[in-house]
Amino acid sequence: RARSEGRSVIVALPYHVNDHASANPLATSCLSVRHFLTDILDIAEKHPKAVVVIRGKDTAWLEHDAFSDLVVRSRTLSNVIVSDNYEQFNESYRLVAGADLIIAKYTSMVDEALALGIPCVVHDYTPTARGIARPVVSYLPDEAWVENPGELSMRVEAVLADGGRGYRARWEPQRLEIFGDLADGYVGQRARHEILRLVEQTAREKR
């Protein structure tokens, strides 16, 4: 529908909420998740022509008292959709595949999207910290990382302005170096083939 209306699609991938004592304060605490979602809603408000789809591991935050104001705000913004379809297999991948831009807390899905040339922005800061995942995932392009609201706004505007063409063009040489042509839809098949080959080889060696 967004495509038929000539609108851009942003898919936001937050971490899930864990408000137990085991919560990671830099990732799954209420404060951290609230911070990310607040920034996403700010982006949606600033870019009403873009459709913003929030797709989390679950939608527990919608029922959490600490997020009640953000739930109200998300429902008042006509361009925000909270994806709650968890019965459909691979729904997250379907949404990511159709995105013009992904804004995410870092997970392997960022790698999978970048391997296909889908522009990604990694939200790598909280109210009290920044540069959390970047040192660990150093092979991602510099423009994939944002460590403050100003950088986030700048990256989003750049991708929306040209449909991500500039981002993809700059990323392509590095993408080929890191991922090559392996993101072809047959990763699982190749992995299965290799595992079976190793099992067979081990069985032969034991005979």
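How many helices and strands are there in the protein chain? There are seven helices and six strands. Helices here are DSSP runs of H or I with at least four residues, and strands are runs of E with at least two, both numbered from the N terminus. This is a predicted model, in which local features need pLDDT of at least 70, side-chain atom pairs count only at pLDDT 80 or more, and totals for chains, interfaces and linings use all residues. Residues are numbered from 1 along each chain as its sequence is written, and side-chain values use heavy atoms, with hydrogens and water left out.

Start with the whole chain. From the N terminus on, its elements run β-α-β-α-β-α-β-α-β-β-α-α-α. Its C-alpha atoms fill a box of roughly 65 × 45 × 35 Å, taken along the principal axes. Of the 207 residues, 43% are buried (under 20% relative accessible area; exposed is over 50%, partly exposed lies in between; 1.4 Å probe, protein chains only). Take the contacts (heavy atoms within 4.5 Å) between residues at least 6 apart in sequence. Of these, 64% join residues at least 24 apart.

Now go inside. The largest nonpolar core has 57 residues. Such a core is a set of buried Ala, Val, Leu, Ile, Met, Phe, Trp, Tyr and Cys residues joined through side-chain atoms within 4.5 Å. Trp-61 and Ile-102 have the most contacts inside it. H1 gives the most to this core, with eight residues. Leaving out residues up to four places away in sequence, Ile-102 touches Val-11, Leu-13, Val-96, Ala-113, Ile-118, Pro-119, Cys-120 and Val-121.

Next, follow H1 to its partner H2. H1 spans residues 30–46 and H2 spans residues 68–76. Their axes, lines fitted to C-alpha atoms over the stretch in contact, come within 11 Å and cross at roughly 20°. Angles run from 0 to 180 degrees between N-to-C directions. The two helices are therefore roughly parallel (under 35 degrees). Arg-34, Leu-37, Thr-38, Leu-41, Asp-42 and Glu-45 in H1 meet Asp-69, Leu-70, Arg-73 and Ser-74 in H2. By class, this contact has three nonpolar, two polar and five charged residues. Asp, Glu, Lys and Arg count as charged; Ala, Val, Leu, Ile, Met, Phe, Trp, Tyr, Cys and Pro as nonpolar; the others, Gly among them, as polar.

Finally, look at the loop between H1 and strand S2 (51–54), where His-47 lies. Why does His-47 count as buried? Because its relative accessibility is 15%. Neighbours within four places in sequence aside, His-47 is in contact with Asn-79, Val-156, Glu-157 and Leu-160.

Key:
Angles under 35 degrees count as roughly parallel, over 145 as roughly antiparallel, 65 to 115 as roughly perpendicular and the rest as oblique.
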